[in-house]
Amino acid sequence: MTLPPSLPALSREVRLVARPRALPAPEHFAVAEVPLQGPAPGHVLVRNRYFLVFPGLRTLMGEESAGVPLPPLRPGDTVFGPAVGEVVVAPPGGQLRAGDRVMHLRGWREYAEVAAGECVPLGGELPEVAYLNQGVAAYGALTRLAAVRTGDVVLVTGAAGAVGSMAGQIARLLGAGRVIGTTGSPRKAERLTGELGYDAVVLRGSGSFADRLTEAAPDGIDVLLDTVAGEQLTAAVAAARPGARFALVGALSGQLSARRAGGSAPTTLDAYRLVIQGVSLRGYRGTDHPDVPAEWTRHLATWLRTKAITFPHTLIPGLTDAPQALQDLLKGAHFGPVIVQLP
């Protein structure tokens with residue numbers, strides 16, 4: 001298919017050039033220029049406008065990616081991830097046309113050739129960048145697994161991350177009576193209570209995390225939205241009220257450990273406590289709940305319009321800064337999701 005003369009001859013993309021031995025750093029990546037070609041039959045060419053930098057890339061680059069519902073990344077591969085862009089070339093007679101806004105998984109490049117069936121058309125309910133929010137996992141977990149009830153005490157671990165920064169707000173809108181978050185940064189703790197409505201924040205660091213959680217939730221917790229695992233999940237089990245519901249959506253304590261390979265997070269749990277308190281503990285998989293994304297988008301559109309919720313995020317300008325943005329994300333430097341904006 002012939003390209004319009006207005007398009008450039010070359011497109012830039014970020015490639016993995018070496019597998020990290022520990023956490024990925026900018027030296028493990030390189031920006032490559034590739035000829036821009038017309039899409040194959042059944043495909044469209046998309047000019048990317050935004051793409052998400054997400055911690056799961058650390059697992060895909062490691063040696064423990066078995067079972068992950070995304071392909072592993074090997075040296076020479078172009079990095080990928082959720083992206084929003086504009087269709088610039090589409091085959092005649094297809095459902096997509098030039099000018100359509102779509103979401104797909106071929107980020108980390110300026111132009112992406114994407115199978116038409118792998119593009120999700122965007123209806124315009126949200127600002128373009130907001131389609132890359134990660135609140136869908138929190139909403140699904142808090143409605144399908146943990147079922148927040150009026151007055152519940154809800155604990156969100158990793159509350160300043162892409163999922164956690166939305167989860168506390170969602171829990172409140174679902175009726176939670178008290179929302180507690182965790183983070184490792186006093187500056188982030190101030191933002192969680194000052195901007196996102198958290199009632200209390202438990203800082204990890206020196207001393208006993210379990211003791212600090214007891215201070216924040218002296219009567220225990222009803223719901224856990226966990227993105228971290230590790231000592232925080234261990235402490236949450238000790239703080240569980242009878243009938244507590246735990247929804248696990250991540251395991252960053254193991255995934256982001258320089259001493260591990262990115263695909264495991266061993267955690268000590270008191271099985272006796274789980275039994276006598278009748279605690280349910282389930283992992284959330286989006287593929288098990290295909291109705292959630294559309295439902296979440298409808299709610300998010302309304303909540304954003306009425307200012308019942310905010311979408312905190314960090315914008316990184318330009319493709320070349322994406323590898324540094326990933327390193328900073330894995331070090332906990334950012335608040336909310338990290339999104340690269342392309343010119």
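Guide: Rings of Phe, Tyr and Trp (its six-membered ring) form a pair if their centres lie within 6.5 Å; planes under 30 degrees apart count as stacked, over 60 as edge-to-face and the rest as tilted. This is a predicted model, in which local features need pLDDT of at least 70, side-chain atom pairs count only at pLDDT 80 or more, and totals for chains, interfaces and linings use all residues. Residues are numbered from 1 along each chain as its sequence is written, and side-chain values use heavy atoms, with hydrogens and water left out.

Visitor: How many aromatic pairs does the structure hold?

Guide: The structure holds four aromatic pairs. In one of them, Phe29 and Trp108 have ring centres 6.3 Å apart and planes at 20°, so this pair is stacked.

Visitor: Are Phe29 and Trp108 buried or exposed?

Guide: Both Phe29 and Trp108 are buried, where buried means under 20% relative accessible area, exposed over 50% and partly exposed in between (1.4 Å probe, protein chains only).

Visitor: Which residues do ring pairs link into a cluster?

Guide: The cluster consists of Phe29, Phe51 and Trp108, linked by ring pairs.

Visitor: What about Trp296 and Trp303: how far is it centre to centre?

Guide: Trp296 and Trp303 are 6.2 Å apart, centre to centre, with 65° between the planes, and their pair is edge-to-face. Both Trp296 and Trp303 are buried.

Visitor: Changing topic, where does the charged end of Arg191 sit?

Guide: The charged end of Arg191 sits over the ring of Phe335, 4.0 Å from the ring centre. A charge sits over a ring if NZ of Lys or CZ of Arg is within 6 Å of the ring centre and within 35 degrees of the ring normal.

Visitor: And why does Tyr272 count as exposed?

Guide: Tyr272 counts as exposed because its relative accessibility is 60%.
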